[in-house]
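Hi,

Here is the structure I promised to pass on.

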Amino acid sequence: MKPFRIASLLLASLLPLGAQVTLKMATLLPENSSWFRIVKDMGDTWAKVSGGRVKVVFYPGGRQGDEPDVVRKMRLGSLQGAVLTSQGLAEIDRSVFALSIPLAFETSEEVYATLEAMRPGLEAGIAARGFVPLNWADGGWVRIFSRKPVATPDDLRHQKLFQWAGDTKTLEIWKTGGFNAIPAPATELATGLQTGLLDAFLTSPQVVLVTRYYEQAPHMTDLKWAIIMAGTVVTKAAWDRVPADVRPALLKAAQDAGNRLRADMRATEERDLQALRGAGVKIVPVDAHGRELWRKMVAGAAGKVRGEFVPAQAYDEALKDRDAYRRAHR
């Protein structure tokens with residue numbers, strides 16, 4: 001070990017307790033999931049590479065509330081960071097939703113190529129609002145899960161559809177399309193399914209498997225709606241309190257965790273689908289006619305999706321970057 005490194009570690013061990021920076025970080029990730037273990041490893045690495053000067057306290061499983069609650073608490077200073085899905089990131093900057101335009105992407109490679117092209121602008125937008133983006137990952141491909149089978153848009157219109165509370169723009173898009181969308185916090189989805197307040201929702205198979213939502217919603221539509229983007233952010237005020245000499249190592253550990261999360265998604269997706277089938281989930285096929293109905297529904301809502309769900313500039317840029325990737329990889 002280099003003498004400078006030894007001296008740094010020795011100095012850190014002699015710092016008074018008050019010099020330690022404690023970061024409180026929240027996430028909806030279940031504590032028993034492989035995803036949270038990766039995030040927890042990141043926190044452990046932060047403590048190690050900082051010589052104990054940076055400590056992370058995690059609140060998994062929605063203990064600090066739904067993602068809009070978490071973002072609000074970060075702005076107030078009671079939390080310093082979070083692992084958020086695109087829904088939470090959009091509370092900071094809705095341009096993130098450009099990576100989750102319904103039925104716009106066919107493969108993970110398309111999504112991540114678009115992310116890489118857009119990342120400087122996305123990260124600048126997040127930074128301008130007082131947050132530091134540390135990594136990007138995803139929670140898998142969104143499907144429709146429901147109490148009764150859903151093969152066409154009309155099938156879904158006859159069920160009570162979960163919609164994130166607080167996102168009034170997306171709620172209005174669903175309602176304009178004739179859907180019975182019910183706003184509720186994600187932390188109350190299980191209760192809503194159990195009580196009959198909700199019948200259907202959109203999320204990834206991995207989430208459904210870990211949370212056992214399939215017990216109330218035993219049908220999965222065989223249609224990739226969008227990918228759940230995710231990322232780790234901390235407030236700029238908290239990041240500025242982190243000793244400057246350890247920030248690069250912390251950033252690298254966060255990016256390594258993001259890469260591990262991506263790899264975990266790809267490695268477990270098919271296994272999780274098989275596990276859902278084994279648990280009795282029925283896969284609802286969508287034939288060519290059904291897919292055309294879904295495409296027409298999305299196309300009919302494009303005027304609202306572009307501008308209300310996704311800022312127009314980000315929407316246009318995402319499709320441009322996607323098309324560039326497709327041309328290069330035909």
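First, the ground rules. This is a predicted model, so to speak of local features I need pLDDT of at least 70, and side-chain atom pairs count only at pLDDT 80 or more, while totals for chains, interfaces and linings use all residues. Residues are numbered from 1 along each chain as its sequence is written, and side-chain values use heavy atoms, with hydrogens and water left out.

**The whole chain**

The chain has 14 helices and 10 strands; these are DSSP runs numbered from the N terminus, with helices being H or I over at least four residues and strands being E over at least two. The C-alpha trace spans about 70 × 45 × 35 Å along its principal axes. A compact globule of 330 residues would have a radius of gyration near 20 Å, and the 21 Å of this chain agrees with that (taken over C-alpha atoms; the globule rule is 2.2 Å times the number of residues to the power 0.38). Of the 330 residues, 50% count as buried, where buried means under 20% relative accessible area, exposed means over 50%, and partly exposed is in between (1.4 Å probe, protein chains only). If you take contacts (heavy atoms within 4.5 Å) between residues at least 6 apart in sequence, 76% of them join residues at least 24 apart.

**H5 against H14**

Two packed helices are described by the angle between their axes and the distance between the axes. Here, helix H5 (residues 108–128) packs on helix H14 (residues 312–328) at about 120°, with the axes 9 Å apart. That makes H5 oblique to H14. For the cut-offs, angles under 35 degrees are roughly parallel, over 145 roughly antiparallel, 65 to 115 roughly perpendicular, and the rest oblique. The axes are lines fitted to C-alpha atoms, for helices over the stretch in contact, and angles run from 0 to 180 degrees between N-to-C directions. The crossing of H5 and H14 is right-handed, as the near helix is turned clockwise from the far one by less than a right angle.

Which residues of H5 meet H14? They are Glu-109, Glu-110, Ala-113, Thr-114, Ala-117 and Met-118, and on the H14 side they meet Ala-314, Glu-317, Ala-318, Asp-321, Arg-322, Tyr-325 and Arg-326.

Leaving aside neighbours within four places in sequence, Ala-312 is in contact with Arg-306 and Gly-307. Ala-98 is 214 residues away from Ala-312 in sequence, yet their C-alpha atoms are 9.1 Å apart.

**Two positive phi values**

- Leu-103, in the loop between helix H4 (86–92) and H5, has phi near 60°, a positive value in a residue other than glycine. Leu-103 is partly exposed, with a relative accessible area of 25%.
- Arg-212, in the loop between helix H9 (205–211) and strand E8 (219–221), has phi near 65°, also positive and also not glycine. Arg-212 counts as partly exposed at 44% relative accessibility.

**Two more residues**

Arg-63 sits in the loop between strand E2 (54–59) and helix H3 (67–76) and counts as exposed at 53%. Asp-256 is in helix H11 (residues 247–278) and is partly exposed, at 35%.

Cheers
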